[in-house]
Amino acid sequence: MKLENLPNELVKNPYKEIRLWANKRFKIIGKNIFSYLALVPHSIFCPKIKFEDKLIPPNISFLLVSPPASAKTMIVNTISEICYNPLNINKITPSEMVMELKDGDYFTLCAGDSARIFKDYQFNKLTEEVIYDGKLVWKTRRAFIDEQINANGVFATTPQDLSGSLTSDVWVLYLNVPS
């Protein structure tokens, strides 16, 4: 979609417009949850931030943890409608994910049920490297891929699935969304 085809209000203030749009779709939680989610789509295009002697990518990813039947998957699918180059990784293998990512620069990884990703070490590590290290590294007997990539993620899971995947070296931050 071209910039000139977008509504003026969306171009002038995308954060506000995304929140208003979400509040119409999700009456009770839309404005609150999309206060955070509205930052995700464009964060992969922001320049890296210099901190001491390192460059830190400003990619914003989002993990929604809530009980079963609380519209998690619907929220992830909704935000994927406005993300740049979304890739639904719910039902693909790690090698399929690599094949999708290897030809692009910018992606938003989306998973409405990310329990499988957390439980699969190879998938979990690949997702972590792509989002946090900005690298796509994959080695098989036939191919070796080592590319820079810009990606962020929007994931959802239940507390039960998340707690079943935690190890002693993982910390979870719970944000209290104001009403």
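The model is predicted, so local features need pLDDT of at least 70 and side-chain atom pairs count only at pLDDT 80 or more, while totals for chains, interfaces and linings use all residues. Residues are numbered from 1 along each chain as its sequence is written, and side-chain values use heavy atoms, with hydrogens and water left out.

Start with two helices. Helices and strands here are DSSP runs (H or I of at least four residues for helices, E of at least two for strands), numbered from the N terminus. Helix α6 (residues 94-101) packs with helix α8 (residues 121-133) at an angle of about 20°, and their axes are 10 Å apart. That makes α6 roughly parallel to α8. Angles under 35 degrees count as roughly parallel, over 145 as roughly antiparallel, 65 to 115 as roughly perpendicular and the rest as oblique. The axes are lines fitted to C-alpha atoms, for helices over the stretch in contact, and angles run from 0 to 180 degrees between N-to-C directions.

Which residues in α6 and α8 meet? From α6 come Pro94, Met97, Val98 and Leu101; from α8 come Gln122, Phe123, Leu126, Thr127 and Val130. Contact means heavy atoms within 4.5 Å. By class, this contact of α6 with α8 has 7 nonpolar, 2 polar and no charged residues. Nonpolar covers Ala, Val, Leu, Ile, Met, Phe, Trp, Tyr, Cys and Pro; charged covers Asp, Glu, Lys and Arg; the others, Gly among them, are polar.

Now the rings. Rings of Phe, Tyr and Trp (its six-membered ring) pair if their centres lie within 6.5 Å; planes under 30 degrees apart count as stacked, over 60 as edge-to-face and the rest as tilted. The count comes to 3 aromatic pairs. Trp21 and Phe34 form an edge-to-face pair, 6.4 Å centre to centre with 85° between the planes. Trp21 lies in helix α2 (residues 14-25) and Phe34 in helix α3 (residues 30-37), so the pair ties together parts that are 13 residues apart in sequence. Phe34 is buried, at 0% relative accessible area. Trp21 is partly exposed, at 28%. Buried means under 20% relative accessible area, exposed over 50%, and partly exposed in between (1.4 Å probe, protein chains only). Ring pairs link Trp21, Phe26 and Phe34 into a cluster.

The charged side chains come next. A salt bridge is a side-chain nitrogen of Lys or Arg within 4 Å of a carboxyl oxygen of Asp or Glu. The count comes to 4 salt bridges. In one of them, Arg25 joins Glu81, with the closest N and O atoms 3.0 Å apart. Arg25 lies in helix α2 and Glu81 in the loop between α5 and β4, so this pair ties together parts that are 56 residues apart in sequence. Arg25 is partly exposed, at 41% relative accessible area, and Glu81 is exposed, at 51%.

Back in helix α8, Glu128 and Lys125 lie 3 residues apart, about one turn of the helix. They form a salt bridge whose closest N and O atoms are 3.5 Å apart. Another bridge joins Asp146 and Lys135, at 3.2 Å between the closest N and O atoms. Asp146 lies in strand β7 (residues 144-148) and Lys135 in strand β6 (residues 135-139), so the pair ties together parts that are 11 residues apart in sequence. Asp146 is partly exposed, at 41% relative accessible area. Lys135 also counts as partly exposed, at 29%.
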